[in-house]
Amino acid sequence: MATKKNKVVSKSLKAGTKSRRIVPAPKKPAVLKKTVPGKDNTALRAELSALKKMVLLQKVKQELLTSKNIGSVELDTLLSNYLTVILKLTNTSAGSILMHDGESLVFRASAGPGSQKLIGRQLSTEEGIAGWVFKTGKTYLSSDVARDTKWSSKISAEMRFPTRNILASPLTTS
């Protein structure tokens, strides 16, 4: 007797008695198939890649939050790793992580052209989109910073980096 997914096998235990056990069908290797209407394999692979990056981001975040005796160098390394994952996840060419220190926001991790010049640089907590995100605790997206009243072009001009758009989000700990 057989079913669709499992095979039923009879086995004699004692003379005249039989017991059934179900043996799972052999597993086939996982294959990425077109399973969602309107999406091809490329889209599904992109989603899988994004999920893997999110898992990596969560691992880095967990490491950051569970580190009890962490020094400045270790923190900067973790922040740099965190930024790398965020940039991959958002398919972004440049980015920074700023941390609150007194009345300033300090660049602690940065990636992109000329980004090493930013490390240690300070911004007022009142300045630009970063200051707004810090004060409100809300995520902010600007698709055209040239027309955005919150945008401060000071650093972009000094770096000679043509910023077109920004996604800024607060990173908080409990």
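A salt bridge is counted here where a side-chain nitrogen of Lys or Arg lies within 4 Å of a carboxyl oxygen of Asp or Glu. The side chains of K135 and E126 form such a pair, at 3.2 Å from N to O. The model is a predicted one, in which local features need pLDDT of at least 70 and side-chain atom pairs count only at pLDDT 80 or more, whereas totals for chains, interfaces and linings use all residues. Residues are numbered from 1 along each chain as its sequence is written, and side-chain values use heavy atoms, with hydrogens and water left out.

Burial is described by relative accessible area: under 20% is buried, over 50% is exposed, and values in between are partly exposed (1.4 Å probe, protein chains only). On this scale K135 is partly exposed at 48%, and E126 is exposed at 55%.

A search of the whole structure finds 5 salt bridges. One of them joins D76 and R108, with N and O 2.7 Å apart. This pair links distant parts of the chain, since D76 belongs to helix α2 and R108 to strand β4 (residues 104-111), 32 residues apart. Helices (H or I, at least four residues) and strands (E, at least two) are DSSP runs numbered from the N terminus. D76 is partly exposed at 25%, and R108 is likewise partly exposed at 21%. Another salt bridge connects E127 with K154, the closest N and O atoms being 3.5 Å apart. E127 lies in the loop between β5 (122-124) and α3 (128-136) and K154 in helix α4 (residues 154-159), so this pair ties together parts that are 27 residues apart in sequence. E127 counts as buried at 17%, while K154 is partly exposed at 39%.

Helix α2 covers residues 72-90. The expected span of a helix is 1.5 Å times one less than its number of residues; for the 19 residues of α2 this gives 27 Å, which agrees with the 27 Å between its end C-alpha atoms. Its buried residues are L75, L78, L79, Y82, L83, V85 and L87. Just after the helix, N91 takes a positive phi of about 55 degrees.

Contact means heavy atoms within 4.5 Å; leaving aside neighbours within four places in sequence, Y82 is in contact with L57, V60, K61, I97 and L171.

The strands complete the picture. Two strands pair if DSSP finds at least two bridges between them. Strand β3 (residues 95-101) pairs with β4 in the antiparallel sense over 7 bridges, and G95 stands opposite A111 in β4. Their hairpin has 2 residues between the strands, and G102 there takes a positive phi near 65 degrees. On β4, V106 stands opposite Q122 in β5, these two strands being paired in the antiparallel sense over 3 bridges. Strand β4 is mostly covered, with 6 of its 8 residues buried. S110 lies in this strand and is buried at 10%.
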